[in-house]
Amino acid sequence: VEIGEKGYVFLVDQANGIMTNSDQLLIGLNLDQTKNDLSQQANKEEIQKGYDLQSGMFGKALKGITDKADLIPLDNGNYAVLHTIDKFGWTMVGVINESEFESDARDILLWLIVIGGLTLMIAISISFIFAKSLTARIRHILEGMERVKEGDLTTVVEIASNDEMGKLGDYFSETMDHLNLLIRSIQSISYEVTEASQNLAA
């Protein structure tokens with residue numbers, strides 16, 4: 001079983017015997033070299049050569065299993081990840097090079113930068129659109145107030161929204177309606193008072 005481009009996995013039984021390996025000649029051997037008897041093997045030299053190529057890793061893996069370690073450093077920037085299958089007492093040993101960690105980390109960092117940049121751009125765009133909309137509505141209310149200041153009491157401010165700015169526009173228009181009613185009421189009373197005064201004078 002391969003991990004990434006260069007990594008691989010092999011399985012060790014409860015007696016530290018190699019159950020699976022990329023080199024099939026090593027299957028059945030023990031991680032502990034002192035427990036291997038190759039005298040009866042026809043191709044013992046080939047088996048020994050294959051074992052010697054991985055003996056350093058096997059020794060460290062054996063120590064890691066004994067110490068119940070989860071991660072052990074190997075040679076040439078390699079690491080062994082140990083996982084015990086409790087039901088059977090087997091240990092799965094995964095060997096991977098740190099360069100693959102670095103490659104994955106770079107890929108993750110690149111994606112984080114891209115996603116972060118896009119998120120920032122979207123947030124800025126939304127903020128700009130919201131600010132522009134808010135500014136336009138405030139300006140609309142200010143223009144209405146300016147017309148009232150100049151004497152146009154028929155001014156109505158219409159803001160088509162359900163937020164606070166929309167309510168502010170509605171309050172402004174309602175206030176102007178009440179003010180117009182009050183002025184008309186005053187004008188009516190003034191007219192009636194003037195008419196009554198003229199009748200009394202006659």
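**View 1. Strand β2 is mostly covered in this predicted model.** Of the 6 residues in β2 (residues 7-12), 5 are buried.

**View 2. Strands β2 and β5 run antiparallel.** The pairing of β2 with β5 (residues 90-97) is made by 5 bridges. One detail to look for is Leu11, whose bridge partner in β5 is Met92.

**View 3. Thr91 sits in strand β5.** Is Thr91 buried or exposed? Its relative accessible area is 6%, under the 20% cut-off, so Thr91 counts as buried.

**View 4. The largest nonpolar core has 20 residues.** Phe10, Leu29, Leu31, Met57, Phe58 and Val93 have the most contacts inside this core. At least two residues of the core come from each of β2, α1 (44-66), β4 (78-85) and β5. Which element gives the largest share? Helix α1 does, with 7 residues.

**View 5. Met57 has contacts beyond its sequence neighbours.** With neighbours within four places in sequence left aside, the contacts of Met57 are Tyr8, Phe10, Leu74 and Val95. Both Met57 and Phe10 are among the residues with the most contacts inside the largest core.

Conventions: Residues are numbered from 1 along each chain as its sequence is written. This is a predicted model: local features need pLDDT of at least 70, side-chain atom pairs count only at pLDDT 80 or more; totals for chains, interfaces and linings use all residues. Side-chain values use heavy atoms; hydrogens and water are left out. Buried means under 20% relative accessible area, exposed over 50%, partly exposed in between (1.4 Å probe, protein chains only). Helices (H or I, at least four residues) and strands (E, at least two) are DSSP runs, numbered from the N terminus. Two strands pair if DSSP finds at least two bridges between them. A nonpolar core is a set of buried Ala, Val, Leu, Ile, Met, Phe, Trp, Tyr and Cys residues joined through side-chain atoms within 4.5 Å. Contact means heavy atoms within 4.5 Å.
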